[in-house]
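Me: Could you take a close look at one part of this structure, and then say how another part is put together? I would like a careful, connected account.

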Amino acid sequence: MSAERTFFNEMLDQSGQPRPAYSKLNDWLESKPPNFLTRKSREAETIFRRLGITFAVYGSDEATERLIPFDPIPRILSASEWRKLSTGIDQRVRALNAFLHDIYHRQEIIRAGRIPADLVLQNEAFLPEMVGFTPARKVYAHIIGTDLVRVAENEFYVLEDNTRTPSGVSYMMENRETMMRMFPELFQIHRVAPVEHYPEALRQTLESVGPDPAKSEQTVVVLTPGIYNSAYFEHAFLADSMGVELVEGRDLFVDEGKVFMRTTRDPQQVDVIYRRIDDAFLDPLSFQPDSMLGVPGLFDAYRAGNVTICNAPGTGIADDKAIYAYVPDIIEFYTGQKPILNNVPTWNCAREEDLAYVLDNLADIVVKEVHGSGGYGMLIGPTASKRQIAEFRKILTANPGNYIAQPTLALSACPTHVATGVAPRHVDLRPFVLIGDQVRITPGGLTRVALKKGSLVVNSSQGGGTKDTWVLED
Amino acid sequence: MLGRTASSLYWMSRYHERAQNIARMLEVANRSTMVAHGTLSSIDDWRVALLSSGCDLGYQAKIGDVSPRGVTSYMIFDKDNPSSVRVCLEQARNNARSVRTGITAELWEAINTTWIEFADVNPQSITQDRLPEFLSWISQRSHLFRGALLNTVLRDDGYHFSQLGNFVERADNTARVLNTQYWVLLPDSDVIGDGSMERHQWTGILRALSGRRSYRFAYPKARLTAFNIAEFLILRKEMPRSLAYCYDWIDDVSDDLAQFYGGRQPSLDMAADIWRTLCQTEMRDIYQNGLHDFLTDFIGRNNAFSHQLSKDYNFA
């Protein structure tokens, strides 16, 4: 089967006419000389490089810093499309937080038989240390990036929930800044919902979950693994735009169950840690003993209720790929409502009949590692060679429990600047959600675009780019 | 402010200052290869550059024979040389990057662009005829860094730490340049030979500390003498690379820092002591007690100050 299947074109309808949300952009694009976008792209690249908006690429000898390609043509969502999406996201993140609270307490959903006990309790992402502990406001996942794809006018699917430490929000913000600098006239003819409030909303969210709500001022910090981490720019960006300290593990210490940072003066107590390091590295005393990134004693301070860690340790279970298939049940169980956003149908290769189907249809489907991320270790059947499929078949049969599979979705496409001009390229969407005293969703999010013709892989580590994402106001 | 942030701002400035100093030393050595000067071989000028920058031992171990090509490549591009321009610019940038939140966008752009452009340069392309232009580019970038810092950074504790780093490094550099050739600056050296060799070495020292022109203004009627040059570079407060100027600045900043924090730490008193010594000393006294000893003692005290500062303010 060819990768050139039919897909939903977000700008043009079947007769080649621009859809209403895109009509002004389409006119504007047609009015520009052929070289215009090439010149603008180069301008944008210079801006990004000078500002140091880079990410590190792993796998080469030295982690080198690279730019994520930025596409200057915005992706546009209408107000009504966004309303539906945001309602669906709101429902989903509330249900996931309820699920986390439940599995670390009474485990009603397991008792009710709606999800297999083993799948939760034997899951690597389930953290027994969290059992019985209740974080402030019962919120576990404070920052979520919900990955969505679109396949038709009114058909969106949730691909992943990213409840650990989703990244990309700095690109959402910088993309918008760059667009406003480069194309002010476009913003004059559109009513684009702003994204600039995100840092303020993040700070409010973090302050609202401090361990002692009576305290009038919460000291918030961003915890980074350091300058060699792939998302370091974002960590610095967020700390800077929130006006809080960016700390490394060695800047913090625990004394009598409380967390402090080392300053040029007296130690200062820390109330809320927005951590951008994984559970395993948080605290060498409780988890990985050889971790240099974390803070000894941090987890005990957390359990003693003296500091809030965002996202909570153990939230990874909510975006585990094996749990994913049960999210519709989770939503129904905790909200009593039907899910507003669809899940992608998923075959669990641990199940024999699912595995048989997957092996018979490898050329047509996508197979992913249960615990993988970043687009590594996956097979995209329709674009893979015969040899790649044969090799993957061996890997899959050796350890089927490590894989899930999904149908290849015909991702929607948006107009994108390419060597030959403007052409449709496949996109996904990651809106950013904040959960604290309320649920805050920034309109839009990060659109990732597969720059290669026909490609469905949008990951930046695999040659994907990003676009500014506009939600139009009514 | 985090102790690590203070440390990063301090070292960011030190490394940028060092990159500029290294570039200037190489300019001097390179210039001397183009000027005839009696019996002195130009190789000696390259050796002086290695000695003044503290790169001599590392160079001996890794490269060996002193040659213009060897010294320039070791002092500009070598990743194994902790004082090469490359390593200085990279360290300055890494320090800046780790306090990205504590510096202005203008300052970050100055540092980051310098590093990006430097890293793009192919060492092979810097042939001897392109060297002067390249070295002057490095100095220019360092001036841009300092200009961005002085013009945009908030005058809080972070600024103070950056200034301390800048002037501790500069004072160290000046003292080392002088100490490497201190015998040239002894008063007796006025009378040996016909003086052409001395003149060459004196102008070399002045150039290495960008004082060639300003000396003329500071001593309008006098010819070049060892006494004046030493006084100019050690005790004259108008000379922006003199030890006195550096500690005048450090002392002011120390007072500001003490005021900012509402208390003095031991290191700040050490700085005040060094400053007082420089104020109360005359060039005659320095010669009497020995120029070499004076400079060696100064380098030690400057270092001890830096150490105590790291302790007092929890540099990590």
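Reply: A residue is called buried here when its relative accessible area, taken over the protein chains only, is under 20%. The model is a predicted one, and the part to look at closely is helix α6 of chain A, residues 169–182. By that cut-off the buried residues of α6(A) are A:V169, A:S170, A:Y171, A:M172, A:M173, A:E174, A:N175, A:R176, A:T178, A:M179 and A:M182. Because 11 of its 14 residues are buried, α6(A) is largely enclosed by the rest of the structure. The length of the helix can be checked as well: at 1.5 Å a residue, its 14 residues should span 20 Å, and the C-alpha atoms at its ends are 20 Å apart, which agrees.

Turning to the other chain, chain B is divided into domain 1 (1–153) and domain 2 (155–316), and their contact takes 29 residues from domain 1 of chain B and 35 residues from domain 2 of chain B. The C-alpha centres of these two domains of chain B lie 20 Å apart, and between them the domains bury about 2900 Å², with 56% of that area on carbon and sulfur atoms. Across this interface there are four salt bridges and 17 residue pairs in polar contact. On the side of domain 1 of chain B that touches domain 2 of chain B, α1 (3–32), α2 (42–52) and α7 (131–152) of chain B each supply at least two residues, and the largest share, 17 residues, comes from α1(B).

Notes
Residues numbered from 1 in each chain as written. Chains lettered and ligands numbered in written order. Predicted model: local features only at pLDDT ≥ 70, side-chain atom pairs only at ≥ 80, totals over all residues. Heavy atoms only, no water. Helix = DSSP H or I, 4+ residues; strand = E, 2+ residues; numbered from the N terminus. Expected span 1.5 Å × (residues − 1). Buried < 20%, exposed > 50% of the residue type's maximum accessible area, 1.4 Å probe, protein only. Domains from an automatic or database assignment. Contact = heavy atoms within 4.5 Å. Buried area = accessible area lost by both parts, 1.4 Å probe. Salt bridge = Lys/Arg side-chain N within 4 Å of Asp/Glu carboxyl O. Polar contact = N/O pair within 3.5 Å; in protein donor to acceptor, adjacent residues only side chain to side chain.
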